[in-house]
Amino acid sequence: LDLPSSTTSNQLSPHRRPSSQQVQRLFHQQYYEQYQDNMRPILLKGHERSITVVKFNHDGDLLFTGSKDHVPSVWRSENGERLGTFNGHKGTIWDLDVCRFSKRVVTASADAMAKLWDCETGECLKTFVHHGPVRGAAFADGSNMFATISDPFVEHNAQISVYDIPENDDPSTYSDTPRLEIELPKNSDGKRVNATNIVWLNLNEALFVTFDNGSIRLYDPVTGEELDEFFPHEKKINRVSFNLDKTLFITSSADFTAKLYDVVDLRHLKTYKTDRPVNDAVISETKDHILLGGGQEAMSVTTTSGKVGKFETRFFHLVYEEEFGTVKGHFGPINAIAINPNGRCYASGAEDGYIRLHYFDKSYLDMKDPVPEALEEGEDDEDDGEEENKGYDDDEDSD
């Protein structure tokens, strides 16, 4: 991990709420003086074009990837061995999902098709044709349904589709038409709003859909009724990621921020600010850490060096919202990030066509997060502002 420079070795002052610089410095001292360059990535070279999605299965032993080369792949996460590919699409793979027990995979493609695959054999079980490019696909709890989002095409509006795929039934008996279609017409001002991600909430209570205008909507998966809408961002939401039990979610946006929310009451909890578009962000299952990936726009990558383009994975503390480290390596914007459910490794896929599988060093896995002193009674937030203004080395009595 590459770290921001640390100016002094001062510890957090007792009985004061820590400033952002103090939190950052404490992380540096406790983690990374002994954890510098010990983490070596496994480079997965199998795709010919930009990576669009990376996703671990529920057990964390398989890694599924999609790219603009039309061929989704599955890899063994332990050693980076490619186990096979799913051949049949004729367009960019925008999204994919794997069922709870890794028996079936669903892929969403720009060729206006969603395909259901047998995970073990790579056989295509069923093809579901849409009116426009398919942007997202997600299995429901129980894996007997899946939902897709598709872009508008000619006279057809964007739409959300729900398909029934009972696991014990013969795939040839599955209906070609969706059980539920939710139209996404133009807004009152005539502008189209396209969906970017779709997820089923716990117990299939609602369909969670993000949009390119910065909004999130919840839909009833039975009636198609819109249950709620709110605007966490001002620009496009590139990706949304949930923790394993779906109690928290984090959005990644082109407005240079990622935001953490509570799933139950949709309450905004934290904001992680960067100086570049955020393409993906994930929540660690074992530590209070957030991993962010992004970079400058892909169209200007060829004119910029890897250092200037800022194509690194950035580590933030979930609670303090402070960046405490980065991992470099890609030569293009990071489009997708996934962290293993066991918290021992993460994968990043970028515009350069490579997936980098990083296994964390033992010192990172064993180290406990530093806990700054709590604010004591009688102190207020002004103390924090005063200390921050004074700087690290300034004496309290100095002018």
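Which side chain does Asp 255 join through a polar contact of 2.7 Å? That's where I'd like to start today. The partner is Thr 257, side chain to side chain. By polar contact I mean a pair of N or O atoms within 3.5 Å; within protein, one must be able to donate a hydrogen and the other to accept it, and residues adjacent in sequence count only if both atoms are side-chain atoms.

Quick housekeeping before I go on. This is a predicted model, so local features need pLDDT of at least 70 and side-chain atom pairs count only at pLDDT 80 or more, while totals for chains, interfaces and linings use all residues. Residues are numbered from 1 along each chain as its sequence is written, and side-chain values use heavy atoms, with hydrogens and water left out.

Okay, back to Asp 255. You'll find Asp 255 in the loop between β19 (248-253) and β20 (257-262). Strands here are DSSP runs of E, at least two residues, and helices are runs of H or I, at least four residues, numbered from the N terminus. The side chain of Asp 255 also makes a polar contact of 3.0 Å with that of His 233. If you skip residues up to four places away in sequence, Asp 255 touches His 233, Glu 234 and Lys 235, where contact means heavy atoms within 4.5 Å.

Now the bit I like: Asp 255 is buried but has no salt bridge, and the nearest side chain of opposite charge, Lys 259, is 5.4 Å away. Buried is under 20% relative accessible area, exposed is over 50%, and partly exposed is in between (1.4 Å probe, protein chains only). For charge, Lys and Arg count as positive and Asp and Glu as negative, while His and the chain ends are not counted. A salt bridge needs a side-chain nitrogen of Lys or Arg within 4 Å of a carboxyl oxygen of Asp or Glu.

Let's zoom out. The protein chain has four helices and 28 strands. Of its 399 residues, 55% count as buried. Taking contacts between residues at least 6 apart in sequence, 47% join residues at least 24 apart.

Two strands are worth a look. Start with β27, residues 345-350: six of the six residues are buried, so the strand is largely enclosed by the rest of the structure. Both faces are covered, with Cys 345, Ala 347 and Gly 349 buried on one side and Tyr 346, Ser 348 and Ala 350 buried on the other. β27 pairs antiparallel with β26 (residues 334-339) over five bridges, and pairing takes at least two DSSP bridges between the strands. Ile 334 has Ala 350 as its bridge partner there. Five residues separate β26 and β27 in their hairpin, and in the turn Gly 343 has a positive phi of about 75°. β27 also pairs antiparallel with β28 (residues 355-359), again over five bridges; Gly 349 stands opposite Ile 355. That hairpin has four residues between the strands, and Gly 353 takes a positive phi near 90°.

The other one is β22, residues 278-283. Six of its six residues are buried, so β22 too is largely enclosed by the rest of the structure. β22 and β23 (residues 289-294) pair antiparallel over five bridges, joined by a hairpin through five residues. Ala 281 sits opposite Leu 292 in β23.

On to charges. How many salt bridges does the structure hold? There are 15. One of them is Lys 55 with Asp 97, the closest N and O atoms being 3.8 Å apart. That pair links distant parts of the chain, with Lys 55 in β2 (residues 51-56) and Asp 97 in β6 (residues 93-98), 42 residues apart. Lys 55 is partly exposed at 24%, whereas Asp 97 is buried at 13%. Then there's Glu 229 with Arg 217, at 3.2 Å. Glu 229 is in β17 (residues 226-230) and Arg 217 in β16 (residues 216-219), so the pair ties together parts twelve residues apart in sequence. There's also a salt-bridge network linking Asp 275, Arg 276, Glu 312, Arg 314 and Glu 323.

The disulfide count is zero, with a cut-off of 2.5 Å between the two cysteine sulfur atoms. Take Cys 119, which is buried at 11% relative accessibility: the closest cysteine sulfur, in Cys 99, is 7.3 Å from its own, too far for a bond.
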